[in-house]
Amino acid sequence: MKQACTFALLAIILLQWLLLAYVLTQQHLKDELSLLNDRKDFAPLVEKANSIKPSSLELKQQHDDDNDKPNKFDGVAATLILKSPKWFQRRLTVMVQNVLNSIPPTWAVQIFLADHAQAKDGINVVNRGLQRLINSNPRVILTNIPTELWSKKQRPKLLLTDSWIWEHMIADNVFLFSGNGAVCANSHSVMEDFTSLDYVGIPWWRYDRVGGDGSTHSFRNRLAILDALRYTTEGISGSNNGKPYDGNEREDIFY
């Protein structure tokens, strides 16, 4: 009698286990069907995302667009992407996002891109996130550096002392930035605090702390920089006694 009760109890446990397994299997199948239906809804979006090719970056190139005209934005945070090594390029997405989150909503980010395969790979291959940001955010603007200019001037200090760069800045208030630093979102100061000045660099110890170091981050007035370049090239009142930049010193010291 005792043995019969044991078998009966085991049979009940087995039936309960089978019933539970059946219920769980049916629920799993139901969830799978629901997931498949959801995927159908997202299929066009996935297909669109997969259709974006690296060359699509050039479609966002704004050089001759209305965005390339000064004063469309109140200010611009600008940077140069040249043929830097990959270990440096890996910070580009975070670098741009840091600045984009720190500037006023009426400012834009402008990227000057060198006509060099390594520079373009820095966006197309190394920083897909930055590529998507350029293609989707109207406040992130790409400006290609002309081949002729790039072939002659392939260093930041040479480009930043060429009038072409400053003529193609999309705003008069310019914040130059690079990957050798970051903007503190908790700062007591904001970008607009510096727009009345022609030049502000980060603190340095040389030159009695006058002027400021502009090698990584600096505020500059586009029109003042163009006036300085015009003066060093033409001299006072077109006297041709100016002293153009010769490349032997840092561009921030030259200004």
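**Around arginine 220**

Guide: Let's begin with arginine 220, which is buried, its relative accessible area being 2%. Here, buried means under 20% relative accessible area, exposed means over 50%, and partly exposed covers what lies in between, using a 1.4 Å probe and protein chains only. Keep in mind that this is a predicted model, where local features need pLDDT of at least 70 and side-chain atom pairs count only at pLDDT 80 or more, while totals for chains, interfaces and linings use all residues. Residues are numbered from 1 along each chain as its sequence is written, and side-chain values use heavy atoms, with hydrogens and water left out.

Arginine 220 sits in strand E6 (residues 213–221). Strands (E, at least two residues) and helices (H or I, at least four) are DSSP runs, numbered from the N terminus. Contact means heavy atoms within 4.5 Å. Setting aside neighbours within four places in sequence, arginine 220 touches a list of residues that includes Trp166, Asp172, Asp198, Tyr199, Ile225 and Tyr255. Glu251 is another of its contacts, and here the two side chains make a polar contact at 2.7 Å. A polar contact is a pair of N or O atoms within 3.5 Å; within protein, one must be able to donate a hydrogen and the other to accept it, and residues adjacent in sequence count only if both atoms are side-chain atoms.

Now look from arginine 220 towards phenylalanine 175. The two are 45 residues apart in sequence, yet their C-alpha atoms lie 6.4 Å apart in space.

The structure holds five aromatic pairs. Rings of Phe, Tyr and Trp (its six-membered ring) pair if their centres lie within 6.5 Å; planes under 30 degrees apart count as stacked, over 60 as edge-to-face and the rest as tilted. One of the pairs is that of tryptophan 87 and phenylalanine 88: the centres are 5.9 Å apart and the planes stand at 85 degrees, so this pair is edge-to-face. Tryptophan 87 is exposed, at 60% relative accessible area, while phenylalanine 88 counts as buried at 16%. Phenylalanine 175 and phenylalanine 219 form a tilted pair, with 4.9 Å from centre to centre and 40 degrees between the planes. This pair links distant parts of the chain, as phenylalanine 175 belongs to strand E4 (residues 173–176) and phenylalanine 219 to strand E6, 44 residues apart. Phenylalanine 175 and phenylalanine 219 are both buried. Ring pairs also join Phe175, Phe177, Phe194 and Phe219 into a cluster.

Side chains of opposite charge can pair when their charged atoms come close. A salt bridge is a side-chain nitrogen of Lys or Arg within 4 Å of a carboxyl oxygen of Asp or Glu, and by this rule there are eight. In one of them, the side chains of aspartate 213 and arginine 250 meet, with 2.6 Å from N to O. Aspartate 213 is in strand E6, and arginine 250 is in the loop between helix H9 (222–234) and helix H10 (251–254); the pair links distant parts of the chain, 37 residues apart. Aspartate 213 is buried at 13% relative accessibility, whereas arginine 250 is partly exposed at 29%. Salt bridges link Asp213, Arg250 and Asp252 in a network, and Asp252 is also among the contacts of arginine 220.

For a contrast, take glutamate 148 and lysine 152, whose side chains form a salt bridge at 3.7 Å, N to O. Because they are four residues apart in helix H6 (residues 147–152), about one helical turn separates them.

Finally, a word on confidence. pLDDT is the predictor's confidence in each residue, from 0 to 100. The chain averages 79, and 68% of the residues score at least 70. Over residues 38–56 the pLDDT stays under 50, and the model has six contacts beyond four places in sequence for them. Where pLDDT is low, the predicted coordinates should not be read in detail.
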